[in-house]
Amino acid sequence: MNEDRITLINPNGEEIEFEEIAGIALNGKFYLILQPVKLLYDMSDDEALVFEVSEDDDAQNFNIVLEDEI
């Protein structure tokens, strides 16, 4: 099993496997840059998605970041 892969579940309940590109701490928050193993929709090979990672009592939460500044 590839340790650099993360499986997330989208709002439709579908599992999507991502390759971890980088993790970045910025302004007290932690972000992961992830690229889908199987490209989504009209994504190109050199595109990736940014997720803000937060934790609650029993799980990590991955929220997609759409702000260009981040």
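Which residues does Q35 touch, not counting residues up to four places away in sequence? The list runs E17, F18, E19, I21, S44, D45, D46, E47 and A48, where a contact means heavy atoms within 4.5 Å.

## Before we go on

What you're looking at is a predicted model: local features need pLDDT of at least 70, side-chain atom pairs count only at pLDDT 80 or more, and totals for chains, interfaces and linings use all residues. Residues are numbered from 1 along each chain as its sequence is written, and side-chain values use heavy atoms, with hydrogens and water left out.

## The sheet

Let's start with the overall layout. Five strands make an open sheet, lined up as β1-β2-β3-β4-β5 with antiparallel pairing. Strands here are DSSP runs (E, at least two residues), numbered from the N terminus, and two of them pair if DSSP finds at least two bridges between them. As a bit of background, strands of a sheet pair through backbone hydrogen bonds, either parallel or antiparallel.

At the edges sit β1 and β5 (60–64), each of which pairs on one side only. On average, neighbouring strands of this sheet are turned by 45 degrees against each other, direction ignored; the axes behind that angle are lines fitted to C-alpha atoms, and angles run from 0 to 180 degrees between N-to-C directions. Looking at one pair, β3 and β4 run antiparallel and are joined over five bridges.

Q35 belongs to strand β3 (residues 29–36). Is Q35 buried or exposed? Q35 counts as buried because its relative accessibility is 19%, and the cut-offs are under 20% relative accessible area for buried, over 50% for exposed and partly exposed in between (1.4 Å probe, protein chains only).

## The nonpolar core

Now for the greasy part. The largest nonpolar core has 11 residues: I6, L8, I16, F18, L32, L34, L40, M43, L49, F51 and V53. Two or more of its residues come from each of β1 (5–9), β2 (15–26), β3 and β4 (49–55), and β4 gives the largest share, three residues. To qualify as such a core, buried Ala, Val, Leu, Ile, Met, Phe, Trp, Tyr and Cys residues must be joined through side-chain atoms within 4.5 Å. In soluble globular proteins, nonpolar side chains tend to be buried together.

Leaving out residues up to four places away in sequence, L49 touches F18, L32, I33, L34, L40, M43 and I64.

## Two salt bridges

The structure holds two salt bridges, each a side-chain nitrogen of Lys or Arg within 4 Å of a carboxyl oxygen of Asp or Glu. R5 pairs with E17, the closest N and O atoms being 3.7 Å apart. This pair links distant parts of the chain, with R5 in strand β1 and E17 in strand β2, 12 residues apart.

R5 also meets E19 in a salt bridge, at 3.1 Å from N to O. Here E19 sits in strand β2 and R5 in strand β1, 14 residues apart. Through shared partners, R5, E17 and E19 form one network. As for accessibility, R5 is partly exposed at 33%, E17 is partly exposed at 35%, and E19 is partly exposed at 24%.

T7 lies in strand β1 and is partly exposed, with a relative accessible area of 46%. T7 touches E15, I16 and E17, again not counting residues up to four places away in sequence. Between T7 and V50 there are 15 Å in space, C-alpha to C-alpha, and the two are 43 residues apart in sequence.

In the loop between β1 and β2 you'll find N10. N10 is buried, with a relative accessible area of 16%. The side chain of N10 reaches the backbone nitrogen of N12 at 2.9 Å and makes a polar contact with the side chain of E14 at 2.8 Å.

Key. Helix = DSSP H or I, 4+ residues; strand = E, 2+ residues; numbered from the N terminus. Polar contact = N/O pair within 3.5 Å; in protein donor to acceptor, adjacent residues only side chain to side chain.
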